[in-house]
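Work through the exercises below with the sequence and the 3D view at hand, trying each task before reading its solution.

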Amino acid sequence: MFDLLIRNARTADGDAVDIGCVDGRIVALAANLQAEAGREIDAGACLVTPPFVDSHFHMDATLSFGQPRINASGTLLEGIQIWSELKPDLTVAAIKERALECCKWAIARGTLAIRSHVDICDPRLLAVDALLEVREEIAPYIDLQLVAFPQDGYLRTADVDQQLKRALDKGVDVVGGIPHFERTMADGAKSVRALMEIAAARGLMVDMHCDETDDPLSRHIETLSAECHRLRLHGRVAGSHLTSMHSMDNYYVSKLLPLMRDSGVAAIANPLINITLQGRHDTYPKRRGLTRIREIIEMGIPLALGHDCVMDPWYSFGSYDMLEVAHMAVHAAQMTSMAEIRKMFDAVTVDAAKILNLQDYGLHVGARADLVILQAQSPFDAIRLRPNRLFVIRRGQVIAETPRTQAHLNLDGTRHSVDFTLKNQG
Ligand code: FE2
């Protein structure tokens, strides 16, 4: 007897499966399961996947678009300035309200694990307190990891080191950084070393904003990788953004990528944001502002994609849909072969889960019964259509549903006929 039985679903690899769940876990996964169940869902041959994972987000700033003004230049630096203007007026209640609303958007689109950076440069640590409460309140629905993020620089102000440690003492999970925003290249490298040592001493993971610039000489990922190797933090460190790699000399990159691979550093790219933020000092040709996604994957370095922002000082758009992120990565990084498109789907699901070290994640017996059924038949169609998330399931319980679209596309991947049987024609 299952609590939940999903019939007639299709995996990302194209296998037809039924999925039986008991006590919040997957206990059976096979074709044509014969058993009673408390609830049955007919997936109608649609795609079932473990939930989407956002490996890079800023939940303290989300949905603050226009407060106190809109980013006119479209640059990272003006975004940081606007955020600093808003900070004095922040309250725990306001941050929580925006964050919880954003979590609802995420759940509706099947994102049930999020790594969010939280700014620790405000001495009051209001954002930390707010997001720690959000982490607890949203835990039945979303696994939320928090990163102690020195948005205004770790070495620019004397007190930030203590504030970062206070945030970690309060229960923030991961050590962050922003070496390209320190005053000098030397300070950037110094900040990486200091922050990595804090993580090593406390047994924590690291996720640094790293080289989010078009400057090819911004090479803090090299220091991050070397420190990861020195401190034996293999598999626990990620470099986020890494956009300077786009502009680096090819010979230098031919040495850098093996260093990253051998050090066990992961890469997290944020295509929605960096396609808009980067290249702002270029005329033409204008750089794309993404890291070298294809080359990173080919080197065997783990890679995930993050949403980064939804309606905040850096990015005005977004509905918190990880398939939009994958769609932009396919286009901006030209990941257009079938294998590459599949890899971009994995970068917002299974590969992101590995980088975040999520436990019991996946579509296998013994995993937590966290699943999404989409109105699509394959990862290719999921990215192409960004379709309805028909059922979002957490620990074996349906927590969000979206009805099938009536006038639907024919989703066999080759034809594009539309069913014009529309309702309400009078
Ligand atoms: Fe970010």
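**Exercise 1: the iron site**

Describe the geometry of the site of the iron ion from its 4 donor atoms.

Solution. The protein donors (N, O and S atoms within 2.8 Å of the metal; water is not among the atoms, so sites may look incomplete) are His56 (NE2), His58 (NE2), His209 (NE2) and Asp308 (OD), 2.2 to 2.5 Å from the iron ion. His209 in strand 10 (residues 205-210) and Asp308 in the loop between strand 13 (303-305) and helix 10 (322-332) link distant parts of the chain, 99 residues apart. Both His209 and Asp308 are buried, that is, under 20% relative accessible area (1.4 Å probe, protein chains only).

This is a predicted model, in which local features need pLDDT of at least 70 and side-chain atom pairs pLDDT 80 or more, while totals for chains, interfaces and linings use all residues. Residues are numbered from 1 along each chain as its sequence is written, and side-chain values use heavy atoms, without hydrogens and water.

**Exercise 2: Thr62**

Locate Thr62 and decide whether Thr62 is buried or exposed.

Solution. Thr62 lies in the loop between strand 6 (52-58) and helix 1 (76-86), helices (H or I, at least four residues) and strands (E, at least two) being DSSP runs numbered from the N terminus. Thr62 counts as buried because its relative accessibility is 0%. Its side chain reaches the backbone oxygen of Val310 at 3.0 Å.

Definitions and conventions: Buried means under 20% relative accessible area, exposed over 50%, partly exposed in between (1.4 Å probe, protein chains only). A polar contact is a pair of N or O atoms within 3.5 Å; within protein, one must be able to donate a hydrogen and the other to accept it, and residues adjacent in sequence count only if both atoms are side-chain atoms. Donors are N, O and S atoms within 2.8 Å of the metal (3.2 Å for Na, K and Ca); water is not among the atoms, so sites may look incomplete. Four donors count as tetrahedral if all angles lie between 85 and 135 degrees; four count as square planar and six as octahedral if opposite donors are over 155 degrees apart and all others between 65 and 115; anything else is irregular.
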